[in-house]
Amino acid sequence: MKRPAFALRYILSSGLVLTSLMAPLIPGRADDLSASALPGGDATWPNADGRNVFTHYSANMTFEKRLDFKLGEALFQRLWVTAPTRTKTADGLGPLFNSRACSGCHIRNGRGHPVDENAPGDGATSMLLRLSIPPQTADQLRDHLDGKIATIPDPVYGGQFQDFSIPGIKAEGRVKVTYQTQDVSLAGGEVVTLQKPDYQMTELAYGPLHPDVMVSPRLAPPMIGLGLLEAIPDDVLLAAADPQDRDGDGISGRVNHVWDIASGKLAIGRFGWKAGMPTLDQQNQNAFQFDIGLSTPLYPNGSGDCTETQKNCLTAPDGNDPEFENLEAHSQVTDLVLYYTRNIAPPARPNAHDADVIAGQQIFTSIGCASCHTPRYQLPQRPDMAEQSGQVIWPYSDLLLHDMGEGLADHRPEAQASGREWRTPPLWGIGRAKQIDPRAQFLHDGRARTILEAVLWHGGEAEAARNSVTLLPPSERRKLLAFLKSL
Amino acid sequence: MKIAKILGTAALVSTLGVQAYAAPGAKDVLTTYADIAHAGYEDSLITAKELQAAIDALIAQPSAETFGAAKSAWLAARAPYQQTEVYRFGNAIVDDWEGKVNAWPLDEGLIDYVETGLYGEESEENPAYTANVVANPTLVISGETIDASTIDAALLESLHEIDDVESNVATGYHAIEFLLWGQDLNGTGAGAGAREWTDYAAGDACTNGNCDRRGAYLKAAGDLLVSDLEWITAQWAEGGEARETVLEGDGVPGLTAIVTGMGSLSYGELGGERTKLGLLLHDPEEEHDCFSDNTHNSHYYDALGIQNVYLGRYTRVDGSVVEGPSLSDLVAAKDAALDTELRGKLATSVLAGKAMVTRAQGGEHFDQLIAMGNDEGNAVVQTFVDALVDQTKSIEQIIAAVGIDGIEFEGSDSLDNPSAVN
């Protein structure tokens, strides 16, 4: 999407803002304002409020299917237990894990919070640290470049750091964070303090990490609208990609190509902070395997992320049962969780018609935010996904990878995503984050305490837009934030 | 017999737009609701104290008799408690608390020895096999060293704080159940857990080691259960927080709580998570009360509890009846046909629950009913699920009939406890 003409930007930044209530948000579509108040189309949950605002099912779901949603929710909230127990479909936790239940990190389906700087003993309870090393052999390099392997795990600590474990097995260690601050001055005199985290792993229980280990802190992302995102066709994403920046607008979004286990080939990634997962099913099952330590159809290893070095971990009893596909979370479980996670409804936006919000949305578009935070999609008919079929949705994301600059870089490539690239996260629901959990913070490592801080961290392809924000008169900036908080 | 107080009926009646002489006011209905809650939790407390006494007797004089008496006391304690489950949804104070007393599944291996034979060679060096509190005065869990030299209520409570989310998988009714019955190793065959009383015997007669510590765990769990039930009973007494919350305002929040509780327990929790899921997975132990094979009773009393709050009538363990103006009265004044329909459906689900109880009395328990291949047994359970789903549809219509909106039936909020998360 092109940025508006220079003249328009000049007008906006000098304080004259178009406030016509009927102005279309996208040229040519006059009914958009009302539609954008329902970010999930017919799946949107109306009148949602309070801390459970992200726990509703797609509003267009039939009564009969609601029971399946409830069953999936029960499994999503299940506290998995250490094998062996007689509850055969509930055991197999770990031996190493980040959370005992999906909802342990995805608290009320909202976004996570970073480690408490002042209470590190509490652990990383809504985020985790991903680990990897550069390819060490010619084979690894080839598989990595081919896309078969997204990352090479640390030889001892695996693909992520697990600071919890079953009794008798040592957890991998503890997670600590320290911050360095920097101040940003905004037009009008406001000064915003940004903080940059440094995550450390301490009390390592299995020896040293690899000298070249790359670490990426990853907050639990919000769980709304995932089925709707999944229903956006590949070619729509590809059409928006512009890796060579042929249109010269400074934006060069590109897709990530990742291994799709079920189909046995490369596919476009769209889930996860670096778009590392091609389907919601694989995302869920990956989380079961690595975050909870459960074997699933796509990840049948009963010992989760344990490596050769962690011998007791490998030989601890697992919960694989021949009666249940020789897995801990077999396909009936993963199918129900898939249906549940597809159908967590985006809430309606009660303030979409406020004057400030509308004005803020104009600023959002004119500054260029919508170049990556694509507002709207028309989903195709999908007979296999009834609740998502044919909906008009407003996720505010192109789901593409963008270079976000050195400040936000984790320097850890993932599949085709570089160490400076991040997938545009959807903005729907962002205004609800603290309502759900007051500790919730923004960006991949939770460094931003407010939405404004998150905006100010935008660099790389987004640097020009970010600079526009700092130059906005305070009243205009307030309107922009009012718009973002209304989502 | 308690008589509900009339609190400004006329004013409230006109607010709700109901007929002045044909229906009770919202506050009257809610007072009955709170009275039944109080009576139900008090009955749970009374029976839990009897369980506590039976546990003390077992530890003082381990024998087949005292062991059997403790198990009977546990079974008896479940009947009033399950009838209170309808209060869990719609009353945040109950939902936030209930994980302490009724969480499931259980981290069996954390508490006591488990059957490891099925899982390959036992490795003496692998501490995972023997890392349970009963056998180990010191435990390392997730990098933290727990001093379990003394097993008491404080230790059990501290086990909750080890893991990130509330790990109330080591206390409550089911922990006590596990310590009394042990694992049910029969799968979909007949029979419950078969722990021997000698697991509590003194001296050389002790089986499976650490009988004194096992007794201490059992006692601590029993003591905690009593103190937890004391707390919730007080919340529903006059001036208690739960009662005050329900009686707040114009009665709409309270009525919302009743309907939310009925619908959520019927649909997502009992119909869905506790019954349909087990049937779907054919997992023999995907059942509450899996050690004692008491699930049929748990489900029956759950269904009865839903009916109790609608009809505004509860029969206490001593036989006395608590009743008063009810939601049924309120609905009947607005839509007599709906009230009749719902009464019928509630009776149907209670009967379907009773059918499972009858089967169990005949020797076929819940885990057998849900077994793969047992079509007839599966059908009995499916009938229960269908009845619960069916009544949910009628419960939803109450919302429109009585004029409260914004209700939605939620699944379990048990992991939302803000005090448990760091």
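Start between the chains. Helix H3 (residues 63–77) of chain A and helix H10 (residues 252–281) of chain B have axes that come within 9 Å and cross at roughly 75°. That makes H3(A) roughly perpendicular to H10(B); angles of 65 to 115 degrees count as that, under 35 as roughly parallel, over 145 as roughly antiparallel, and the rest as oblique. Axes here are lines fitted to C-alpha atoms, for helices over the stretch in contact, with angles from 0 to 180 degrees between N-to-C directions. Helices are DSSP runs of H or I, at least four residues, and strands are runs of E, at least two, numbered from the N terminus.

A word on the source. This is a predicted model: local features need pLDDT of at least 70, side-chain atom pairs count only at pLDDT 80 or more, and totals for chains, interfaces and linings use all residues. Residues are numbered from 1 along each chain as its sequence is written, while chains are lettered from A and ligands numbered from 1 in the order in which they are written.

Which residues meet between H3(A) and H10(B)? From H3(A), Leu67(A), Lys70(A), Leu71(A) and Ala74(A). On H10(B), they meet residues including Tyr267(B), Gly268(B), Glu273(B) and Lys276(B). Contact means C-beta atoms, placed from the backbone, within 7 Å.

Now within chain B. It has 15 helices and four strands. The axes of H11 (residues 295–311) and H13 (residues 336–361) of chain B come within 8 Å and cross at roughly 160°. H11(B) and H13(B) are therefore roughly antiparallel to each other. Among the residues in that contact are His296(B), Tyr300(B) and Leu304(B) of H11(B), and Leu346(B), Val350(B) and Met356(B) of H13(B).

On to the core. The largest nonpolar core has 212 residues. Such a core is a set of buried Ala, Val, Leu, Ile, Met, Phe, Trp, Tyr and Cys residues joined through C-beta atoms within 7 Å. Buried means 20 or more other C-beta atoms within 10 Å of the residue's own, exposed means 12 or fewer, and partly exposed is in between, with C-beta atoms placed from the backbone. Helix H2 (residues 26–60) of chain B gives the largest share of this core, 16 residues.

Tyr33(B) is one of the residues with the most contacts inside the core. Beyond its neighbours within four places in sequence, Tyr33(B) touches Val246(B), Gly254(B), Ile258(B) and Val309(B).

Last, chain B overall. Of its 422 residues, 56% count as buried.

Notes. Contact = placed C-beta atoms within 7 Å.
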